[in-house]
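Let's take a look at how two chains meet and at what surrounds one of the ligands. The structure comes up next.

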Amino acid sequence: MGEKNDKKEKKSKKEKLPRQQMPEQKADVRKHNFDEVPLGYTKQMAMQEASRCLQCKKPACVEGCPVEIDIPEFIRYIQAGDFTKAIRHIWQRNSLPAICGRVCPQEDQCEGLCILGKKDEPVAIGHLERFAADYERHYGTGELPPKAESTGKRVAVVGSGPSGLTVAGDLILKGHEVTVFEAFHKGGGVLIYGIPEFRLPKEIVAQELNFLERLGVKIQCNEVVGKTTTLDELFEEGYEAIYLGVGAGLPRFLNIPGENLVGIYSANEYLTRANLMKAYRFPEYDTPLVKGKDVAVFGAGNVAMDAARTAMRMGADNVRIIYRRSREEMPAREAEIHHAEEEGIQFYLLTAPTRFMGNDQGRVSGMECLQMELGEPDDSGRRRPLPVKGSEFQLDCDLAVIAVGAGANPLLTQSTPELQLNKWGYVIADEKTGKTTKKGVWAGGDIVTGAATVILAAGAGRQCSNSIHDYLTIGW
Amino acid sequence: MFEIVKRKEMAQGTVVLNEIKAPKIAAKAKPGQFVILKANETGERIPLTMAYTDPEKGIIAVIYQVVGKSTALFSTLQEGQGFQDVIGPLGKATEIEKLGTVVCVGGGTGVAVMHPITKAMKEAGNHVIAIIGARTRDLLILEEEMKAASHDLRVCTDDGSYGHHGFVTDVLKQTLEKEDVKLVVGIGPVPMMKFVTKMTKEYNVKTLVSLNSIMVDGTGMCGCCRVSVGGETRFACVDGPEFDGHLVDFEELSKRLQAYTDMEKESYEQFKCACQS
Ligand SMILES: Cc1cc2nc3c(=O)[nH]c(=O)nc-3n(C[C@H](O)[C@H](O)[C@H](O)COP(=O)(O)OP(=O)(O)OC[C@H]3O[C@@H](n4cnc5c(N)ncnc54)[C@H](O)[C@@H]3O)c2cc1C
Ligand SMILES: Cc1cc2nc3c(=O)[nH]c(=O)nc-3n(C[C@H](O)[C@H](O)[C@H](O)COP(=O)(O)OP(=O)(O)OC[C@H]3O[C@@H](n4cnc5c(N)ncnc54)[C@H](O)[C@@H]3O)c2cc1C
Ligand code: SF4
Ligand code: SF4
Ligand code: FES
């Protein structure tokens with residue numbers, strides 16, 4: 001009896017341990033630099049946080065993770081201080097944990113379903129995943145996983161975003177020869193050109209690429225497939241299977257008057273200049289970027305938060321997020337909205353732009369907006385924003401970034417008519433295998449689903465790599 | 001690295017030719033297409049049209065005018081050195097058809113861009129009249145090459161130091177008066193293209209121009225290069241660079257080209273200082 005009571009007491013104590021907050025750079029400091037915002041757990045903090053996990057028999061968290069990492073198991077290793085085992089366990093399902101731990105929308109995925117979250121705060125699964133990966137990066141042996149015997153088969157991966165990198169990593173370990181073709185001069189996809197340094201240090205992405213190269217993956221940058229080479233030419237060169245992980249690289253604009261004024265960017269351009277081209281270090285780096293005092297960012301996803309926070313770091317006085325729906329519909333990660341608010345980003349909700357005004361040099365100087373109200377639910381199930389008559393108002397604006405989503409870039413698909421596309425231009429691929437309508441060609445990630453998440457892109461890559469392996473060893 | 005196998009200065013060193021080893025691009029490139037080059041780790045991505053290619057030797061050639069930091073940096077690269085990155089071929093190729101009489105008007109370094117198009121137009125069976133111009137004789141480039149590429153070459157200089165005294169548009173006007181011209185291709189500085197299209201509109205002759213908007217990726221992912229053509233927004237890097245000159249909003253283009261003037265000046269000044277010290 002006594003023993004049982006003891007256990008009960010232990011358990012209830014466990015629940016009361018508060019979620020370990022990750023230390024962060026202070027808002028008024030970090031808004032002037034590009035260094036990473038959350039600083040990471042110490043060993044003690046990680047073990048402490050891990051001890052909050054109830055080790056559920058039927059862990060709900062796992063159902064929330066698109067790649068079904070065995071979460072309680074890796075957490076158990078962290079709690080026991082065996083970080084090496086923890087990371088090896090994660091790797092079995094996810095090859096990019098340092099990245100996913102930082103950028104997954106955990107509140108909608110693993111942590112959103114964690115049982116502790118019902119009454120208290122969920123276990124900080126993302127932070128723990130990040131910790132295990134960072135620990136390995138700093139203190140690991142760097143030892144490479146064993147590779148299967150060479151099959152002599154060659155695979156081409158087009159695009160070096162999270163989905164392409166996952167495919168490359170999987171297939172090289174299975175003994176195939178893998179070359180990744182990337183249009184940009186640097187690999188990493190959105191991880192390198194889109195997500196800013198203060199959220200995902202580029203050193204981490206570089207390390208992932210380096211890891212693949214050490215395994216023998218060839219990363220061939222400056223190769224625009226569809227232009228420099230076509231898929232058929234890749235087959236002629238001896239590649240037996242091709243994976244398309246080209247992302248959703250087509251900017252969307254607002255299509256309102258004045259949008260071509262100088263100082264109005266697509267988020268793709270603004271972030272590519274800032275991150276990939278390192279415009280925030282101009283003139284040390286040669287690529288310039290308009291610095292705004294009054295900045296407007298349209299949209300409220302992760303991309304919008306990244307653009308807004310970048311503009312703040314470039315020295316803006318006012319940064320405004322302009323979003324036509326309400327707070328509940330904002331698609332960004334909880335942490336990003338919170339960080340943006342702390343950094344002084346202003347939120348203009350239920351607000352839609354109608355036009356931009358310019359000065360005589362053709363630079364944007366202001367904009368006009370309309371107030372919106374929520375009407376009946378639309379196709380997406382969200383209440384449709386409707387303009388309030390006569391509610392026009394004007395704001396100063398000398399830099400605007402449009403972050404209202406991305407579409408499918410037609411560059412490659414146009415050069416490959418056998419690839420069937422859906423009505424939005426995304427590649428049609430089998431849901432289970434990732435096979436496209438062209439023999440020997442697979443596709444996954446944003447080019448199939450539309451702009452989604454890193455972990456979904458990586459998960460799609462994993463599925464495809466299994467199917468590609470079957471094809472190379474058994475047949476189509 | 002993409003090695004520079006030949007380097008030549010033209011127009012008193014204000015224009016530089018580089019032949020670059022890039023076999024994959026050379027094998028694919030067609031007249032009118034461009035490449036994006038980046039000199040080093042900290043460099044900008046700069047678009048330049050291929051002036052000619054030699055697929056057998058695996059070589060592409062670019063001819064560029066030194067106007068700012070990046071082109072100045074390019075001009076310091078010697079034979080045996082090279083570019084960290086060269087990407088291409090990008091953009092749509094010029095549509096080459098047999099039409100009859102075609103006039104190719106090139107100004108400044110636009111002549112370099114015009115050269116492969118002129119050659120291809122002639123090879124397609126057109127009667128090709130080329131008009132090229134520069135401020136002064138010493139700045140004229142590719143005269144011999146353009147002579148060979150066309151049936152009839154007419155040269156002008158703004159200061160009258162060589163050929164016709166005046167602008168390319170003067171000679172174009174005379175040509176349009178006298179000949180049954182089916183197509184004009186005009187490539188050069190924005191003001192020149194604007195005047196060329198204004199004139200050909202009067203004569204109702206179809207005119208192609210090649211737009212040199214500022215670019216980043218060159219693959220249609222950023223929208224930096226957007227131009228208004230016939231009231232619609234188009235991306236110069238994938239929908240162009242050539243467009244129907246009568247539909248282009250040149251005012252907008254020239255304003256967009258000034259987007260970074262102050263920063264570019266700062267960067268160029270620093271570079272010049274660093275070079276001198
Ligand atoms: C600013 C920003 C912030 C984001 N924040 C988050 C976040 O916090 N959390 C999250 O989960 N997700 C986030 N996302 C979404 C996530 O990054 C993407 O869903 C994911 O990167 C998609 O991966 P992918 O491999 O399909 O493609 P991408 O990462 O887009 O990579 C595609 C690669 O293919 C290359 N390519 C394209 N065409 C060609 C061609 N023809 N030839 C050769 N190469 C080509 C591209 O240059 C690119 O490098 C964010 C996206 C952006 C833009
Ligand atoms: C498709 C395409 C093909 C081109 N082909 C050639 C070519 O064959 N030869 C050649 O000499 N140039 C060409 N250009 C122009 C060339 O890219 C620019 O001259 C170059 O980017 C200038 O860079 P910079 O850093 O040296 O000068 P910057 O410091 O960037 O600019 C200096 C001055 O040049 C102007 N400028 C900036 N960018 C451009 C631009 N893209 N075009 C014109 N003026 C610009 C600026 O307004 C500024 O006043 C091409 C441009 C495009 C888009
Ligand atoms: S990969 Fe993402 S969803 Fe899965 S456990 Fe890690 S943070 Fe959660
Ligand atoms: S649901 Fe929460 S408490 Fe349960 S195993 Fe998962 S992380 Fe641990
Ligand atoms: S240069 Fe980026 S879309 Fe044209």
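A salt bridge here is a side-chain nitrogen of Lys or Arg within 4 Å of a carboxyl oxygen of Asp or Glu. By that rule, 4 salt bridges are counted between chain B and chain A. Please keep in mind that this is a predicted model. In one of the salt bridges, the side chains of Asp286(A) and Lys69(B) come together at 2.6 Å, N to O. Polar contacts join in as well: 24 residue pairs between chain B and chain A have one, with both residues at pLDDT 80 or more.

The top contributor is S7(B), with 6 residues. By residue class, this side of chain B divides as follows.

| Class | Residues on the side of chain B that touches chain A |
|---|---|
| Nonpolar | 16 residues |
| Polar | 15 residues |

The contact draws 45 residues from chain B and 45 residues from chain A. Between them, about 3,600 Å² is buried, and carbon and sulfur atoms give 54% of that area. Which three residues supply more of the area that chain B buries against chain A than any other three? They are Met221(B), Arg226(B) and Tyr260(B), with 18%.

Now for the ligand. Around ligand 4 sit Cys53(A), Leu54(A), Cys56(A), Pro59(A), Cys61(A), Pro72(A), Cys114(A), Ile115(A), Val123(A) and Ile125(A). This shell divides into 10 nonpolar residues, no polar and no charged.

Notes: Residues numbered from 1 in each chain as written. Chains lettered and ligands numbered in written order. Predicted model: local features only at pLDDT ≥ 70, side-chain atom pairs only at ≥ 80, totals over all residues. Heavy atoms only, no water. Near = heavy atom within 4 Å. Nonpolar A, V, L, I, M, F, W, Y, C, P; charged D, E, K, R; others polar. Contact = heavy atoms within 4.5 Å. Buried area = accessible area lost by both parts, 1.4 Å probe. Polar contact = N/O pair within 3.5 Å; in protein donor to acceptor, adjacent residues only side chain to side chain. Helix = DSSP H or I, 4+ residues; strand = E, 2+ residues; numbered from the N terminus.
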